[in-house]
Amino acid sequence: MSDFIISQEQRDLTIQEINNLKKDKVVLQQSLREQQTQTAANTEDLFLELLEIGDALEALLDYLEQNSNPSPEFIQRLPKSVGAVNRKFLGILAKRHVLPIEIELQSTQPDFNLCRVVDREERNDIADQTITKIVRRGFYLGEKTLRPTEIITSKSSVEEL
């Protein structure tokens, strides 16, 4: 068995480093608890906001279930009501930096970092690869593409001889 001999200075430095590590550990544990508390509060806020949207949709569905023949006024207001729920939903997303990807119809050569072609349709009246329809909206999360926009593009129908 070998004995290790260290100087008093090395011993004091080692003890000081150990004490510093213990202090750092306490600070990190406190920081982690604070982050967990903040994350839980943010998650709770998100769910409460989403529940408001669920409540609005449920009220619309309840009305439709209870009124098999809805009034013309209700039918006329329905697009506005659904639009308000959608705006509220997009507002909740925007608060969390989730924003829609803006894609223009009839633009040629779609940006494949932002779009995914899900279908092609034969069209001879516009250039090949022109976006003809947006199937599902895409979203950014900050600078990252969270979900690409799903699109349909044109393809020319060239008859072969």
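Author: Glu150 and Arg116 form a salt bridge, with their closest N and O atoms 2.5 Å apart; the term denotes a side-chain nitrogen of Lys or Arg within 4 Å of a carboxyl oxygen of Asp or Glu. Glu150 belongs to strand 6 (residues 149-155) and Arg116 to strand 2 (residues 115-122), so this contact ties together parts 34 residues apart in sequence. Helices (H or I, at least four residues) and strands (E, at least two) are DSSP runs, numbered from the N terminus. This is a predicted model, in which local features need pLDDT of at least 70, side-chain atom pairs count only at pLDDT 80 or more, and totals for chains, interfaces and linings use all residues. Residues are numbered from 1 along each chain as its sequence is written, and side-chain values use heavy atoms, with hydrogens and water left out.

Reader: Is Glu150 buried or exposed?

Author: Buried means under 20% relative accessible area, exposed over 50%, and partly exposed in between (1.4 Å probe, protein chains only). Glu150 counts as buried at 12%, while Arg116 is partly exposed at 39%.

Reader: Which strands form the open sheet, and in what order?

Author: Strands of a sheet pair through backbone hydrogen bonds, either parallel or antiparallel. Here three strands form an open sheet in the order 1-4-5, with antiparallel pairing; two strands pair if DSSP finds at least two bridges between them. Strand 4 (residues 139-141) and strand 5 are joined over three bridges, and Leu141 stands opposite Lys144 in strand 5.
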